[in-house]
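Q: I've never looked at this one before. Could you walk me through how to read it, one feature at a time?

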Amino acid sequence: MWMIHVDFEVPGFGEFAATPEASAGGGVMLTQSSQAAMPDRGTTGLAVAMSVGDDAAYLEHDLGEAKTQLSTRVMLNPATAADGSVVIMRGLSEDNDRSFDVVFDPVTRRVHAEIGETVSLESWPLEALHWHCVELTLDLQSGEATLWVNGQSADAAADLADVASVRRVRLGAVEKQTATAGTLHLDEWVLGDAYVGPVAVQPTSIHSDDAKRWLVIYNREQADSVSWAEHYRQTHSVPYANLLGLSLSEQEIISEAAYQAMAEHVAEHLQRNGLDEVVLGILCGHGVPGAFERDADGELESVASHLARIDGDLTAVAQPLWDGEIVRPTRENLSGVRLTARIDGPTLAFSTQRVDRAAALTQQSLGDDDHTDPGHSAALWIDPHGGASPPYQPRTSALLAWLPGVARQAMRLPLETTDDQTEANPAFTSIDHDGFFWGWSQPTVPAGFFAEPAGQRVFAMQIGFEFATGGLLRDVAAESWVMRSLTAGYAATAGSLRSHTASFVPRGERFFEALSRGWSLGEAWLLASVWLRTPLCLIGDPLMRVNMPRGGWNIYRGEHDLVSTDFAEPIAKLREPQRRWPIHAAHQPRDGETATYVVRHVDEHGREEKSATHVRVRRDGDQLVVLPSQPSWPAAGGWRPQRRDDGWRINAVWPARFDQLGVTKLALERQAEGEAVQVVQEHEPAGDASRATWDQPSAGVTERFRIRVIAPGGSSEAGPWSAWLERREQPTTQLQWM
């Protein structure tokens, strides 16, 4: 087998202009240009500029000998070509006879292959993608020829006769009609003795978060479906080889036979174009049928979900990673199944919004917004008690066990759960400031369920095996959980098209665990699924990543001092950017009492650092007063300053910088025996300091010292007195800061 990649970037090639004998009416010019390059490769392409007239211009490649088996492939961008038609490829025999022409007609947007004098092959109108793969394969020994467009057979002939073998092949504007004008872009010209196929682009990751590992299906019979495909391709840089346009029904529900035919086309495309072992996921785009009706019982099945394994069978298949330690999907451990998802809606705008919303969330970090309720703008709402009935119990228990565990440290989102155990089936009536919703056994959506203010709505799902929660996607007024979630602004959702067994219910703890590890939405949904090829379907962009807030702060509650703090479980978990936390009523001190709140940093891996800062708060009636932070030393009564020849050295050390602890002033107070307390000196410490040292001469009487700390608002608190000291020294005072 031989193959030649004809590179346009050859030494000395700059422009190929029309000959001087060209008619005065116009001409053709070939130019190397990065503007004409297909984005999948980034090489220089060939710009073919055509003026009105009869001229032609082309590149020619000599095969060295006459060939009876030949395939010639090129990537074509119609660009601004208009009117007439143009021969973009031509094969010539050793005697300079025409063997074939490949012709593009800008008016009909069709590609023709004229072989010999009698055989004509014709494609469908090229859809409005920027680039198309055009290929002609000839086997003059068997008399067969096929015209391929974008990796699919557009037309074929099996009765070739008296066609001359091919010695030279030309590319460009080999011949054109007089009226043909505008510009064509050509790239990636390949000659071989067998089918070449679309331009292969190798993935850069073994995981399905790489767009090169997804096949994106669109309906070439719908202009909006084509527009959506081009939008999705540009958003994620999907290779053109990974776009599969099929001639499909415009109905959302198709027959079982229509589904099987569609599945066969998908399988053939993957196998024929070398994608079978590359593609890990299949996405059904806007305008692609979403459901098929089974012949046996009339039940609806998800088209996308059933593409997880294409073997003609319709029964569910076990997800190979459903049990044991959670691992990231790869081709090696998926055992031949694939991730699947669907994006569709009532309008093109609706479906592109799903893509744009997912892209925006991928760039954000949850909780980074301007909501007035910090920490609750991307809350995780979970209704676990609705799943307390026996069929749901294993899933419920696993999710509830995961939430407070170590893994939760890596997903620092506010958690909202139903906790009313007095009802038989408690459930939320509305949610707000929401990022995620995971509900159980609620067939209908309560009025006003998705309330304002909305959070950074990422993913919502209602789980029920006794009823359908998905429904169809092309009726904007539909009241299903799926459509209500999408219209409320969620980027993604999931649902079922019919009732199903309880074993199909996904595992929430695996879903959130995968997201918290930074894996894609498609991977998280696969790992949550116990079975594939079911009526359940992921609706949304599977390439979306959710930047969970990982690092942050744990807050613990003590009583009057650090010793009383219980570090078993934090009372609040703040995200990394947060520096303010409204103290909830349940954790506030009683009137006249003081509470200590200890703050420990948590790194991006969920590991809590043992160093800590703390805040002390006192309640005075209806007011909470933040007290300035006392030093770590001295922290008990009866302490003694360091003895010096001329008096006393008093050291004080704080657990953090003064500007982090809200300390604006320090005062050293002295009391001589039998006298009133007096301030020796008051100073504003440097914000980046965390300790102070006083050198205090003895006044020759029995005396003691303490340190008063003053907060920005003027509140102050004195620390413990030192022991009584006796010393006679000179009366001078100095204050040093370090």
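This is a predicted model: local features need pLDDT of at least 70, side-chain atom pairs count only at pLDDT 80 or more; totals for chains, interfaces and linings use all residues.

Q: Where is Thr235 found, and what does Thr235 touch?
A: Thr235 is in helix α1 (residues 223-236). Helices (H or I, at least four residues) and strands (E, at least two) are DSSP runs, numbered from the N terminus. Contact means heavy atoms within 4.5 Å. Not counting residues up to four places away in sequence, Thr235 touches Val355 and Ala359. Thr235 and Val355 are 120 residues apart in sequence, yet their C-alpha atoms are 7.9 Å apart in space.

Q: How many helices and strands are there in the protein?
A: The count is 9 helices and 44 strands. Of the 738 residues, 56% are buried. Among contacts with a separation of 6 or more, 71% are between residues 24 or more positions apart.

Q: What is a nonpolar core, and which residues have the most contacts inside the largest one?
A: A nonpolar core is a set of buried Ala, Val, Leu, Ile, Met, Phe, Trp, Tyr and Cys residues joined through side-chain atoms within 4.5 Å. Here the largest has 69 residues, and Phe436, Trp438, Phe459 and Phe511 have the most contacts inside it. Helix α8 (residues 521-528) gives the most to this core, with 6 residues. There is also a second, separate core of 45 residues, which includes Leu121, Val149, Val166 and Leu184.

Q: Which residues is Trp438 in contact with?
A: Leaving aside neighbours within four places in sequence, the partners of Trp438 include Trp381, Leu399, Phe459, Met461, Pro506, Phe511 and Phe512.

Q: Is α8 mostly covered or mostly open?
A: Mostly covered: 8 of its 8 residues are buried. What covers them includes β23 (339-342), β27 (459-463), β28 (492-496), α7 (508-516), β29 (531-532) and β30 (536-539).

Q: How do I describe two helices that pack together?
A: Two packed helices are described by the angle between their axes and the distance between the axes. Axes are lines fitted to C-alpha atoms, for helices over the stretch in contact, and angles run from 0 to 180 degrees between N-to-C directions. Take helix α5 (residues 393-402) and α7: they pack at an angle of about 35°, with axes 7 Å apart. Ala398, Leu399 and Trp402 of α5 meet Gly508, Glu509, Phe512 and Glu513 of α7.

Q: And how do I read a sheet?
A: Strands of a sheet pair through backbone hydrogen bonds, either parallel or antiparallel. Two strands count as paired if DSSP finds at least two bridges between them. In this model 6 strands form an open sheet in the order β5-β14-β7-β8-β9-β10, with antiparallel pairing. At the edges are β5 (57-67) and β10 (119-122), each pairing on one side only. From one strand to the next, the twist averages 15°. Strand β9 (residues 110-115) pairs with β10 over 4 bridges, and Ala113 stands opposite Leu121 in β10.

Q: What do β36 and β37 form?
A: They form a hairpin with 2 residues between them. Strand β36 (residues 642-644) and strand β37 (residues 647-653) run antiparallel, joined by 3 bridges, and Arg643 stands opposite Trp648 in β37. Strand β37 is also joined to strand β40 (residues 691-697) by 7 bridges, again antiparallel. There, the bridge partner of Trp648 is Gln696.

Q: What about backbone details?
A: Look at the prolines: the peptide bond from Glu452 to Pro453 is cis, with omega near 0°, and Pro453 is in the loop between β26 (434-440) and β27. Another cis peptide bond joins Trp633 and Pro634. Then check phi: Asn96 has a positive phi of about 70° although it is not a glycine. Asn96 is found in the loop between β7 (86-92) and β8 (98-105). Glu188, also not a glycine, has a positive phi of about 55°, and lies in strand β15 (residues 182-192).

Q: Is Glu188 buried or exposed?
A: Glu188 counts as buried because its relative accessibility is 3%.

Methods
Residues are numbered from 1 along each chain as its sequence is written. Side-chain values use heavy atoms; hydrogens and water are left out. Buried means under 20% relative accessible area, exposed over 50%, partly exposed in between (1.4 Å probe, protein chains only).
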